[in-house]
Amino acid sequence: MTPLSAIEQAMNGSMAEQNLISQNIANVDTPNYKAKKIVFDDAFSDALNRTNGSPADYHVVTDTTGSIQNNGNNVSIDNEMSKMAQNQIYYQALSQAASNQFLQFNTVLGGSN
C-alpha cells in the first residue's frame, strides 16, 4: 500500500467518525438513544504496515460507557465535542500529509511550486 493510499484510508475513517459524532450530538436529547462509536480494526496502523492486500476496516458499535441520563440517553455533549475537536485536528494533519505527498510527486515530475 502506498503512503497516499494509507492517508486516504485514514481520512475516510476520520470522515466516518466525524459523521457518527455529529449523529450523536444531534441525538443528545433523544430519549433512550445510545451513543455510537467507531471501532477501528487497527486500520491506520495495518495500512502503514501492509504492502499489498486490502486494508483493515472499521465498524460501528453502541457505546455502553458513560452515565445514563433520566431519559435513558447516554450521550455526553462535552465528550462528543471533545472527540469532534480531536478528530478535526487529526483530519487536518492527514490533509497536510496528503498535500505533502502531492508536492513530492510534483517535485519528482519536475513541476514548479
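I started with Asn-32, which sits in the loop between H1 and strand E1 (36-40). Helices (H or I, at least four residues) and strands (E, at least two) are DSSP runs, numbered from the N terminus. This is a predicted model, where local features need pLDDT of at least 70 and side-chain atom pairs count only at pLDDT 80 or more, while totals for chains, interfaces and linings use all residues. Residues are numbered from 1 along each chain as its sequence is written, and side-chain values use heavy atoms, with hydrogens and water left out.

Is Asn-32 buried or exposed? Asn-32 is exposed, because its relative accessible area is 56% (buried is under 20%, exposed over 50%, partly exposed in between; 1.4 Å probe, protein chains only). I also noted its phi: Asn-32 has a positive value of about 65° although it is not a glycine. Most residues other than glycine have a negative phi.

Next I looked up the helix pair. Helix H1 (residues 3-26) packs with H3 at an angle of about 160°, their axes 9 Å apart (axes are lines fitted to C-alpha atoms, for helices over the stretch in contact, and angles run from 0 to 180 degrees between N-to-C directions). So H1 is roughly antiparallel to H3 (the cut-off is over 145 degrees).

Then I checked Tyr-91, which lies in helix H3. Tyr-91 is partly exposed, because its relative accessibility is 30%. From Tyr-91 to Ser-14 I count 77 residues in sequence, but 6.3 Å in space, C-alpha to C-alpha.

Notes
Angles under 35 degrees count as roughly parallel, over 145 as roughly antiparallel, 65 to 115 as roughly perpendicular and the rest as oblique.
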